[in-house]
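Here is a short report on one protein chain. It moves from the overall layout to selected residues.

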Amino acid sequence: MAFAGLKKQINKANQYVTEKMGGAEGTKLDLDFMEMERKTDVTVELVEELQAKTKEYLQPNPTARAKMAAVKGISKLSGQAKSNTYPQPEGILADCMLTYGKKLGEDSIFASALVEMGDSLKQMADVKYSLDDNIKQNFLEPLHQLQTKDLKEVMHHRKKLQGRRLDFDCKKRRQAKDDEIRSAEEKFAESLQLAQVGMYNLLENDVEQVSQLVTFAEGMLDYHSQCSEILKVLVETLNEKREEAAARPKSEFVPKTLADLNIEMLGSQDGMNGGPHFLSLLASPLPSPMRSPARTPMPTKPTQPCCTALYDFEPENPGELGFKENDVITLIQRVDENWFEGSLNGRNGYFPQSYVQVTVPLPSN
């Protein structure tokens, strides 16, 4: 049985090569069928790309997204369902404002304004988490089901149709027995029927797919509406804080002296090397003969991972690191095969590998 199956596959391969290389004419299907195939192929690409771009919209940080995917994969391998929440940028900024607002103290109007804004950003982060859950459940999950079930089934029937067509043409060309040709023709017709019905059902499913887009748009509208209301209240509160700060009378401030702080000064003691004159000597530069000769620093080779910019790079998205040609960028980590994370002049961000030349590579581990 295995030998018979292998022989059949070889015959199909020979038939395919004969058509492609030898100019043999294979059985052609009508233009309507070919158009359905084209639209099905576009749908396959669309579903895959749409899932990736939607995840980028909900989770813009590529490093956090890659970390979440890695943790999820490890959890699957270990059999543990570990939930890993994406860190919303509004929540991260809120934590910063709340922390330093509390450190500054309650008597500072600026501190209370920071706390107010931090609380508002926390609310916006919660709304974003709700949008994330909504889109995953009502948009991404149906797309995943479409990809792994309906599309997979349709592509299976198309592949089977291709094989049976080759088998049918091969037996006709070899002038096989009539019952063999008839059997191959029946299987060819069966696969043609299944492929057509599958592609038709897939391409005529507009109502459900548009409904999923409506759900996506409604979720975005609700998210932005709630954020708008939160920001309106915040702006009103901050304006009140500004008026309060402007109306608060400023107290006169007189800096304290060392005497006020009961700190004993050298000039107040007798016989301490001339008092104030001694202090002036301490502050004056050394005479020329005592000065050390100036040394020209020797250039040193960079030891930490870094790269040199080959071209100017202008950031297009939040989190990207801009730089100019010949800038030396410190490498932090590799995000994927096309992007690095690096640091330049105190700024961290992401940039494409194709714009730089690595001078000192990252450690291999």
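**Overall layout**

This is a predicted model. The chain holds eight helices and five strands. Reading from the N terminus, the order of elements is α-α-α-α-α-α-α-α-β-β-β-β-β. Of the 365 residues in the chain, 27% are buried. The accessible surface comes to about 26100 Å². Carbon and sulfur atoms account for 55% of that surface. Take the contacts between residues at least 6 apart in sequence: 63% of them join residues at least 24 apart.

**Helix H7**

Helix H7 covers residues 206–247. Its 42 residues should span 62 Å at 1.5 Å a residue, and the end C-alpha atoms lie 61 Å apart, which agrees. The buried residues of H7 are Gln212, Phe216, Gly219, Tyr223, Cys227, Ile230, Leu234, Thr237 and Lys241. What do they pack against? Their partners are helix H2 (31–58), helix H4 (89–104) and helix H5 (109–173).

**Buried residues and cysteines**

Three residues with their relative accessible areas are set out here.

| Residue | Relative accessible area |
|---|---|
| Cys170 | 8% |
| Cys227 | 5% |
| Ser191 | 2% |

Cys170 counts as buried because its 8% is under the 20% cut-off. Cys227, at 5%, is buried for that reason too. How many disulfides does the model have? The count comes to zero.

Ser191 is buried as well, because 2% is under 20%. Ser191 sits in helix H6 (residues 178–203). Its side chain makes a polar contact of 3.0 Å with the side chain of Arg164. Setting aside neighbours within four places in sequence, Ser191 touches Lys160, Leu161 and Arg164.

**Aromatic rings**

Now the ring pairs. The model has eight aromatic pairs. One of them is Phe323 with Phe351. Where do the two residues lie? Phe323 is in the loop between strand E1 (306–309) and strand E2 (328–334), while Phe351 is in strand E4 (residues 347–352). The pair therefore ties together parts that are 28 residues apart in sequence. Are Phe323 and Phe351 buried or exposed? Both are buried. Phe323 and Phe351 also belong to one aromatic cluster with Tyr311, Phe313, Phe340 and Tyr355.

Technical notes. Residues numbered from 1 in each chain as written. Predicted model: local features only at pLDDT ≥ 70, side-chain atom pairs only at ≥ 80, totals over all residues. Heavy atoms only, no water. Disulfide = S-S within 2.5 Å. Buried < 20%, exposed > 50% of the residue type's maximum accessible area, 1.4 Å probe, protein only. Helix = DSSP H or I, 4+ residues; strand = E, 2+ residues; numbered from the N terminus. Polar contact = N/O pair within 3.5 Å; in protein donor to acceptor, adjacent residues only side chain to side chain. Contact = heavy atoms within 4.5 Å. Phe/Tyr/Trp six-rings, centres within 6.5 Å; stacked < 30°, edge-to-face > 60°. Expected span 1.5 Å × (residues − 1). Areas by Shrake-Rupley, 256 points an atom, 1.4 Å probe, with all protein chains shown as cover.
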